[in-house]
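Here is a guided look at one protein chain, written to be read with the structure open beside you. Take a moment to turn the model around before reading on.

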Amino acid sequence: MRIVAIALTGLATAALTACATREAPYPRPPAGSAARPPIVVRPLFVADYMAAASSIDLYEIRSAELAMSRASSPRLRDFARLMIADHGGTSAQLSFAGRRLNLLPRATLLPAHQAMFDELASTSDFDATYRRQQFAVHEAGLKLHVNFAARGESATMRPVAANAARVVRRHLDMLRRM
């Protein structure tokens with residue numbers, strides 16, 4: 001009896017393991033079926049996080065520098081001043097933690113951020129474009145930082161992501177009040 005219980009436990013464990021490591025997308029269950037495939041949560045890789053987070057910080061600093069000279073709204077210029085200070089701080093934390101992991105922040109923008117910066121630099125409606133882009137980048141940044149803080153592969157970088165998430169939340173709150 002004990003051998004049968006051990007064998008059944010082993011088979012159940014093997015079956016669950018096979019389900020948990022399945023990487024292909026699951027097909028939709030037939031209509032009327034209540035069965036749902038298990039959700040597989042993979043850790044986020046630190047190099048991917050570093051590339052995205054450093055590009056966001058770099059975009060924020062560069063776009064804010066542009067806003068300092070082009071924004072017509074004093075509130076947007078004040079916001080831009082804060083972006084330079086705060087994202088300079090998160091960038092420094094990212095760089096410091098990254099050095100411990102032999103990773104350096106990006107010195108250039110990712111293509112999506114570069115395209116946004118190019119659009120901002122050439123727009124005739126700077127204030128509206130800057131504000132719209134700030135919402136988009138901060139919402140994407142918040143998602144990135146929150147996800148990495150929760151599931152990132154690096155214990156060194158997770159607290160940096162959690163701090164960056166707090167900073168970005170504050171920025172989004174400010175944008176909503178503008």
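The report below starts with the whole chain, then turns to one helix, the core and a few single residues.

## The chain as a whole

Please keep in mind that this is a predicted model. The chain has six helices and zero strands, so you can follow it along the sequence as α-α-α-α-α-α. Of its 178 residues, 35% count as buried.

Among contacts with a separation of 6 or more, 74% join residues 24 or more positions apart.

## Helix α3 from end to end

Helix α3 covers residues 74–100. With 27 residues, α3 reaches 40 Å from its first C-alpha to its last, close to the 39 Å expected at 1.5 Å a residue. Serine 73 caps the N-terminal end of α3, placing a side-chain oxygen 3.2 Å from the backbone nitrogen of arginine 75.

Which residues of α3 are buried? They are Leu76, Phe79, Ala80, Met83, Asp86, His87, Thr90, Leu94, Ser95, Ala97 and Gly98.

Just after α3 comes asparagine 102, with a positive phi of about 65°. Most residues other than glycine have a negative phi, and asparagine 102 is not a glycine. Asparagine 102 sits in the loop between α3 and α4 (111–122). Is this residue buried or exposed? Asparagine 102 is exposed, because its relative accessible area of 73% is over the 50% cut-off.

## The nonpolar core

The largest nonpolar core holds 37 residues, of which Tyr49, Tyr59, Leu94, Phe126, Tyr130 and Met157 touch the most other members. Helices α2, α3, α4, α5 and α6 each supply at least two residues of this core. The most comes from α2, which gives 11 residues. In soluble globular proteins, nonpolar side chains tend to be buried together.

Leaving aside neighbours within four places in sequence, tyrosine 49 is in contact with Leu94, Leu144, His145, Phe148, Met157, Val160 and Ala161.

## Two polar residues inside

Threonine 90 is found in helix α3. Threonine 90 counts as buried because its relative accessible area of 7% is under 20%. What does the side chain of threonine 90 make a polar contact with? Its partner is the side chain of aspartate 57, at 2.9 Å. Not counting residues up to four places away in sequence, threonine 90 touches Asp57, Ala164 and Val167.

Glutamate 60 is found in helix α2 and is also buried, at 0% relative accessibility. Beyond residues up to four places away in sequence, glutamate 60 touches Met83, His87, Gln134, Val137 and His138. Of these, Met83 and His87 are among the buried residues of α3. Alanine 80, another buried residue of α3, lies 20 residues from glutamate 60 along the chain, and their C-alpha atoms are separated by 8.5 Å.

Terms used: Residues are numbered from 1 along each chain as its sequence is written. This is a predicted model: local features need pLDDT of at least 70, side-chain atom pairs count only at pLDDT 80 or more; totals for chains, interfaces and linings use all residues. Side-chain values use heavy atoms; hydrogens and water are left out. Helices (H or I, at least four residues) and strands (E, at least two) are DSSP runs, numbered from the N terminus. Buried means under 20% relative accessible area, exposed over 50%, partly exposed in between (1.4 Å probe, protein chains only). The expected span of a helix is 1.5 Å times one less than its number of residues. A polar contact is a pair of N or O atoms within 3.5 Å; within protein, one must be able to donate a hydrogen and the other to accept it, and residues adjacent in sequence count only if both atoms are side-chain atoms. A nonpolar core is a set of buried Ala, Val, Leu, Ile, Met, Phe, Trp, Tyr and Cys residues joined through side-chain atoms within 4.5 Å. Contact means heavy atoms within 4.5 Å.
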